[in-house]
Amino acid sequence: MFDHFGLLAPFYEFFIKPKPPQMLEEFTQLPPSGRLLDVGGGTGRISQYFSGEDAQIIVSDLSLKMLRQTESKAGLQPVCSHSEALPFRNASFDRLIMVDALHHVCDQQKTADELWRVLAPGGRIIIEEPNIKRRVVKLVALGEKLALMRSHFLTPEDIKNLFPADGSFRKIYEEDHTAWVIIEKNNL
């Protein structure tokens, strides 16, 4: 299988400029000493904005070449891992983010199950994805297929339904071509 992201790693942030993720920060509400896992976080271009204070920020990605780019960003801890088999104990994170990555994983249901497993009670998962209901995103999806990427875009409702309805709060926000799916695990 061709490693698209390994090839793009040195240039990724040059072409896809990191910008402060205001909506994501608002939805995340990371406690000052909380633990955040950025699943599929690649270069850490998003999670770098969450570092500081006493928070522990871990960037998990399958591409070692992407993770090497996190070394220039203070406060980030890279971990090479499949999203379907995260190397963390149950209930070990206060917050999980997954930005523009769910459509790239091999098994979206297994990934959702793993995110739910490592989320602590009272914790929150925020998934930010291109909204496949928008025409421009449909064109991006077609382009990724033509580039032989294994992308599989889901509607925001389908993402929400990957997570258990019992024991959680699930909400969708949509703006322009982006959707945020927020999942909170109830305290046990």
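Modeller: Gladly! Let's start with a term: a residue is called buried when under 20% of its relative accessible area remains, and exposed when over 50% does. This is a predicted model, and by that cut-off 47% of the protein's 188 residues count as buried.

Colleague: How do I read the last two strands, S6 and S7?

Modeller: Check the direction of pairing and what joins the strands. S6 (residues 168-175) and S7 (residues 178-185) are antiparallel partners, with eight bridges. Glu 175 sits opposite Thr 178 of S7. The two strands make a hairpin with two residues between them, and Asp 176 in the turn has a positive phi of about 55 degrees.

Colleague: And how should I read the inside? Which residues touch the most other members of the largest nonpolar core?

Modeller: In soluble globular proteins, nonpolar side chains tend to be buried together. Here the largest such core has 24 residues, and Leu 37, Leu 96, Leu 115, Ile 125, Ile 127 and Phe 163 touch the most other members. Elements giving two or more residues include S1, S4 and S7, while H5 gives the most, with four.

Colleague: What does Ile 125 contact beyond its neighbours within four places in sequence?

Modeller: Its contacts there include Leu 96, Phe 163 and Val 181. Look also for a second, separate core of 16 residues, with Phe 27 and Ile 97 among them.

Note on methods. Residues are numbered from 1 along each chain as its sequence is written. This is a predicted model: local features need pLDDT of at least 70, side-chain atom pairs count only at pLDDT 80 or more; totals for chains, interfaces and linings use all residues. Side-chain values use heavy atoms; hydrogens and water are left out. Two strands pair if DSSP finds at least two bridges between them. A nonpolar core is a set of buried Ala, Val, Leu, Ile, Met, Phe, Trp, Tyr and Cys residues joined through side-chain atoms within 4.5 Å. Buried means under 20% relative accessible area, exposed over 50%, partly exposed in between (1.4 Å probe, protein chains only). Contact means heavy atoms within 4.5 Å.
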